[in-house]
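Keep the 3D view open as you read.

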Amino acid sequence: MNTSAEEEEFELYFWPTPNGYKVSVLLEEIGAPYRLMPVNITTGEQHSPDFVAKFANRKIPGLIHHYAQESPPRALFESGAILLYLAEWFGRFLPDAVEERWRCLQWLFWQVGGLGPMAGQSHHFNLYAQEKIEYAIDRYHNECLKHYQVLELQLQKSAFLAGDYSIADIAILGWVFRHERHQVHLEDFPAVASWYHGLMDRAAVKRGFEIGADLIPLGNFNSSLAREQLF
Ligand SMILES: N[C@@H](CCC(=O)N[C@@H](CS)C(=O)NCC(=O)O)C(=O)O
């Protein structure tokens, strides 16, 4: 850590979704105090001028780090970048050894560029699209299955993705948490299932996924307003 605890403050701009949970789980694992800043993406708060001024991507999660009194705070979007930033800042959940570090980054990028977008589109076409388009539903479901198969083969060889438990596991867990929504049965992927249940037993992981539980009833992804703001 590079600053004194009194000067330091994190604000997590958050909604209880897979990409949001990745950061709440990591912050809970690290034990870093943070202020939760709910952003109701179903009512369009991600498009408010205030939010966009901080996070040009108009999506959660976003992180603000007040790290020194005399320096302007850092604002970051993109969950993978946020995980990496926190892991480097605290020197935790990112392997030091070159081989494992690159494997960790490889799986982190695999999640943000592969599993996340494919599972996200699967949720969209299964649950939110008003028109049920069989081709799109099948396409993203098949992509999810291919990604789970890749994960399965890796987890048959090693307990975690890259050496010890790391931000790669946390990033992937954020999406596997929603396996029912992308209609993947964990019984078909035994190594993924055992990795998943092992991680879900961790107290910090449980806390991370509990963050924002009170917000869930405030978000309706199927309202016409949500469709207008999100899709
Ligand atoms: N690549 C981004 C994706 C973030 C993302 O898609 N966030 C969703 C919630 S999981 C969101 O804020 N959507 C609001 C919108 O699209 O308007 C990341 O990994 O942070």
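## The sheet

Five bridges tie strand β1 (residues 9-14) to strand β3 (residues 62-66), and the two run antiparallel. Here, strands (E, at least two residues) and helices (H or I, at least four) are DSSP runs, numbered from the N terminus, and two strands pair if DSSP finds at least two bridges between them. Glu11 sits opposite Ile64 in β3.

Before going on: this is a predicted model, where local features need pLDDT of at least 70 and side-chain atom pairs count only at pLDDT 80 or more, while totals for chains, interfaces and linings use all residues. Residues are numbered from 1 along each chain as its sequence is written.

Zoom out, and four strands make an open, mixed sheet in the order β2-β1-β3-β4. At the edges are β2 (34-38) and β4 (74-77), each pairing on one side only.

## Helix α4

How far apart are the end C-alpha atoms of helix α4 (residues 98-128)? They are 42 Å apart, which agrees with the 45 Å its 31 residues should span at 1.5 Å a residue (the expected span is 1.5 Å times one less than the number of residues).

Still, α4 has a kink of about 40 degrees, centred on Gln111; the bend at a residue is the angle between axes fitted to the seven residues ending there and the seven starting there. Gln111 is also one of the buried residues of α4, along with others including Trp107 and Leu115 (buried: 20 or more other C-beta atoms within 10 Å of its own, with C-beta atoms placed from the backbone).

Methods. A residue is buried if 20 or more other C-beta atoms lie within 10 Å of its own, exposed if 12 or fewer, and partly exposed in between; C-beta atoms are placed from the backbone.
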